[in-house]
Each structure stands twice: as C-alpha cells, then as structure tokens.
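Here is a short report on one protein model. Keep the sequence and the 3D view at hand as you read.

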Amino acid sequence: MREPNENRRRIVVRGLRRGLGGYVWLLKILIPVSLATALLDYTGWIQNLDFVLEPVMAALSLPPAAALPILIGMTAGVYGCLAAMAVLPLSVDHMTLVSVFVLIAHNLPQEGIIQSRSGIGFAKTTLVRIAAAIAACGV
C-alpha cells in the first residue's frame, strides 16, 4: 500500500503535467493566430476590406475589423477568436458582441459534422447557429 503523501505527490505531478500540456496546446493556437492577425492589421489588409465588410458588420453594430475574429471563431474555435481580438483595437462593447456571436456559432465545420451524424443536417444546424448568433448580436 502506498503512503498518503506518495499518492498526493503522484496526483499533483500528474495534474501539473496535464495542466502544462493544456497550456502548450493553447499557446499553439494563440500565438500563431495573434501574430497573423497583428500582421494583417499592421499591413493594412483588414482596412483594405472595410468597404466590403462595413455594411455586414454595421448590421451587428460592429466595426469592419471585427469580421476577422468572427470568421476565425466560426471556423477554428473560441480560442482563435480570442487571440485575434486581443491584437485588434476593439472596444469592450465590441469584444462582448464578438464573444457572444462566436460562443453561439463557433467551430462550425467540426460541430456541424458531429451534429449531422446525430441526424440533423449539416447545413440546417450551421444556418440555425449563425441565425441565432446574428439575432443575439443584431438586436
């Protein structure tokens, strides 16, 4: 039989390893997405698309620059969206709207496939989630 202190030590070491693994996993998402977003913003690519994005984003009461974190969140997930938002000049109000949108309609390709296996069509679930996100943010 193991000593109680040995069990605690083993549990703590295992927890620290898992925590460090999760931290590294997050860094693998956050660093590249943040860097790419900062480069797109710095080089002016995001501003060059303002004329296309402005009408769509205005319906959500968001600036055109918010389209990038929303697209990243819809395809790559919540953490990618957060990484993109962190380097863009968005207000707290705008970040809140983007977060609500992405929490409703995040990781659409992967989750759409999973939901389609449960019997609900991929397009149907994706459209419902996007419509719900627009309704939540457009009001």
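## A buried arginine

Arg129 is buried, at a relative accessible area of 12%. Buried means under 20% relative accessible area, exposed means over 50%, and partly exposed lies in between (1.4 Å probe, protein chains only). This is a predicted model, in which local features need pLDDT of at least 70, side-chain atom pairs count only at pLDDT 80 or more, and totals for chains, interfaces and linings use all residues. Residues are numbered from 1 along each chain as its sequence is written, and side-chain values use heavy atoms, with hydrogens and water left out.

Find Arg129 in helix α8. Helices (H or I, at least four residues) and strands (E, at least two) are DSSP runs, numbered from the N terminus. Set aside the neighbours within four places in sequence, and Arg129 is in contact with Ile104, Ala105, His106, Leu108, Glu111 and Gln115. Contact here means heavy atoms within 4.5 Å.

## Arg17 is exposed, with a relative accessible area of 64%. Arg17 and Asp50 are 33 residues apart in sequence, and their C-alpha atoms are 44 Å apart in space.

Gln47 belongs to helix α2, residues 45-48. Gln47 counts as partly exposed, at 38% relative accessibility. Leaving aside neighbours within four places in sequence, Gln47 touches Leu40 and Asp41 as contacts. The side chains of Gln47 and Asp41 also make a polar contact, at 2.9 Å. A polar contact is a pair of N or O atoms within 3.5 Å; within protein, one must be able to donate a hydrogen and the other to accept it, and residues adjacent in sequence count only if both atoms are side-chain atoms. From Gln47 to Ile72 is 25 residues in sequence and 17 Å in space, C-alpha to C-alpha.

## The largest pocket

The largest pocket holds about 170 Å³ of space. On a 1 Å grid over the protein atoms alone, a pocket is an open set of points with protein on both sides within 12 Å along at least five of seven lines, and lining residues have an atom within 4 Å of a point. Grid points are joined across faces, edges and corners, and a volume is the space filled by probe spheres set on the points.

Which residues line the largest pocket? They are Leu53, Val56, Met57, Leu60, Ala67, Ile70, Leu71, Met74, Phe101, Ile130 and Ile134. The elements that give two or more residues to this lining are α3 (50-58), α4 (67-76) and α8 (122-138). Helix α4 gives the most, with 4 residues. By class, the lining has 11 nonpolar, no polar and no charged residues. Ala, Val, Leu, Ile, Met, Phe, Trp, Tyr, Cys and Pro count as nonpolar, Asp, Glu, Lys and Arg as charged, and the others, Gly among them, as polar.

## Cysteines

How many disulfides does the structure hold? It holds 0. A disulfide is a pair of cysteine sulfur atoms within 2.5 Å. The sulfur of Cys81 has its closest cysteine sulfur in Cys137, 11 Å away, so the two are too far apart for a bond. Cys81 is buried, at 2% relative accessible area. Cys137 is buried, with a relative accessible area of 2%.

## Positive phi in two loops

Most residues other than glycine have a negative phi. Ser61 has a positive phi, near 60°. Ser61 lies in the loop between α3 and α4, and is partly exposed at 49% relative accessible area.

Asn107 has a positive phi too, near 50°. Look for Asn107 in the loop between α6 (92-104) and α7 (108-117). Asn107 counts as buried, at 16% relative accessibility.

Key
1 Å grid on protein atoms, 1.4 Å probe; cavity = no way out; pocket = protein on both sides within 12 Å on 5 of 7 lines; lining within 4 Å.
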